[in-house]
Amino acid sequence: MTSKEIVTIGEVLVEIMAVSPGDGFGEPIELVGPYPSGAPAIFIDQVAHLGRPCSLVGCVGDDDFGHLNLERLRRDGVDVSGVTIDPDAVTGSAFVRYRHDGQRKFVFNIAQSANGRLGWTDAQQAIVKASDHLHVTGSSLGTPAIADAIVDAVELTRKKGGTISFDPNIRGELLGAAGLKSKLQRILEHTDLYLPSDTELMLLCGARTEEGAIDEVLASGVKSIVHKRGALGARYIDRNEDVTLPAFAVDEVVDATGAGDIFGATFVVGWLDRLAPAEALRRAVAAGAIAVTQKGPMGGVSTAAEIGAFLATRLNAERSRSRIAGRAA
């Protein structure tokens, strides 16, 4: 089977992280970074680690932050020929601090950075036309230049018979962007695989319950839904199957940033490979568990072999517990 090429369009930035937990950035604090970041960039880096041909379309500044991202993505196997370098703009950035309850506070510079100067060139459009699958990240729709490119890319993908996955990925800091909800709904109308997290499942629906939202989304034409539920695991639903898997426990959650994108990339690759939904979901949940044990948004990306080893270790541990329980009985 020939591997299908995956493309995504969106923000490329660096992340600067606070060392200590707290409520924000209202005082001088110790920071670490820069780490390569941006939800679409994290997603596509994981796709590359899984050995799938993939491309990223975006824009960075001609600065250390931009080159840091390009060098990382290129080294990992991502085609970055669709990422332009704007000499008159700075690369985007995000500052993040964990609160004491485990939630995160972000300060973004995306729309006013090089990300907001994406030109949507003929060369970038050609990359989308040559791909088989488009992945859309909702956070990218808050930047007008990127949103325009994504809407056009959705049309191009549909015209050529490609497939589309959509992760709404909306943070509270971005919800106020003008026209964002209508853009999200427009993308959903063309989506094959929908990957909402937590309450995002009901974000674009009239239904106020999880089951009602699932019925409404599937009735709209979406073929499959993967509901990412964080520490509760994940659920896959289509018109014929409904599979729920718990999360894998880890000794310590070091950094959850990017775990959802890594989960999503792993599931999308499995879905395109026509794996059984339970198996694709199992691998994605494992990839998410691996991701949270490492620092930095791309620090927790994993290969198929690493995911397989993680799952084998967990299976062996379960068998050992079963044998001990059997002897005790």
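Which residue forms a salt bridge with Asp76, and how far apart are the closest N and O atoms? The partner is Arg72, with the closest N and O atoms 2.6 Å apart. The legends below take this pair and other sites in turn.

This is a predicted model, in which local features need pLDDT of at least 70, side-chain atom pairs count only at pLDDT 80 or more, and totals for chains, interfaces and linings use all residues. Residues are numbered from 1 along each chain as its sequence is written, and side-chain values use heavy atoms, with hydrogens and water left out.

**View 1. Asp45, Arg72, Arg75 and Asp76 are linked in a network of salt bridges.** A salt bridge here is a side-chain nitrogen of Lys or Arg within 4 Å of a carboxyl oxygen of Asp or Glu. The structure holds 13 of them. Asp76 and Arg72 both lie in helix 2, four residues apart, or about one turn of the helix. Helices are DSSP runs of H or I with at least four residues, strands are runs of E with at least two, and both are numbered from the N terminus. Asp76 also meets Arg75 in a salt bridge, at 3.4 Å from N to O. Burial follows relative accessible area: buried is under 20%, exposed is over 50%, and partly exposed is in between (1.4 Å probe, protein chains only). Asp76 counts as buried at 15%. Arg72 is buried at 16%. Arg75, in contrast, is exposed at 62%.

**View 2. Glu211 and Arg235 meet through their side chains in a salt bridge.** The N to O distance is 2.8 Å. Glu211 lies in helix 6 (residues 210-219) and Arg235 in strand 12, so the pair ties together parts that are 24 residues apart in sequence. Glu211 is partly exposed, with a relative accessible area of 41%. Arg235 is buried, at 8%.

**View 3. The largest nonpolar core has 47 residues.** Such a core is a set of buried Ala, Val, Leu, Ile, Met, Phe, Trp, Tyr and Cys residues joined through side-chain atoms within 4.5 Å. Ile44 and Phe267 have the most contacts inside this core. Elements giving two or more residues to the core include helix 1 (39-49), strand 4 (54-61), helix 7 (259-272) and helix 9 (304-328). Ile44 touches Ile6, Thr8, Cys54, Ser55, Leu56, Leu73 and Val78, not counting residues up to four places away in sequence. Contact means heavy atoms within 4.5 Å.

**View 4. Helix 8 is mostly covered.** Of its 15 residues, 11 are buried. Among them are Pro277, Leu281, Val285, Gly288 and Ile290. The helix covers residues 277-291, and at 1.5 Å a residue it should span 21 Å. The expected span is 1.5 Å times one less than the number of residues. The end C-alpha atoms are 21 Å apart, which agrees.

**View 5. Ser140 sits in the loop between strand 8 (133-137) and helix 4 (144-159).** Ser140 counts as buried, at 0% relative accessibility. Leaving aside neighbours within four places in sequence, Ser140 is in contact with Ile9, Gly10, Glu11, Pro40, Ile146, Ala147 and Ile150. Ala111 is 29 residues from Ser140 in sequence and 9.2 Å away in space, C-alpha to C-alpha.

**View 6. Leu31, Phe95 and Val107 form a nonpolar patch on the surface.** Together they have about 210 Å² of accessible area. Patches are made of residues with over 30% relative accessible area and no salt bridge; like charges are joined within 9 Å, and nonpolar side chains (Val, Leu, Ile, Met, Phe, Trp, Tyr) within 5 Å. Areas come from the Shrake-Rupley method with a 1.4 Å probe, and for residues only the protein chains shown count as cover. Val107 belongs to strand 7 (residues 104-109). At 39% relative accessibility, Val107 counts as partly exposed.

**View 7. Backbone details: Gly33 to Pro34 is a cis peptide bond.** Its omega is near 10 degrees. Pro34 is found in strand 3 (residues 31-37). Trp120 has a positive phi of about 55 degrees although it is not a glycine. Trp120 lies in the loop between strand 7 and helix 3 (122-130), and is buried at 13%. Arg274, also not a glycine, has a positive phi of about 60 degrees. Its loop runs between helix 7 and helix 8. Arg274 is exposed, at 70%.
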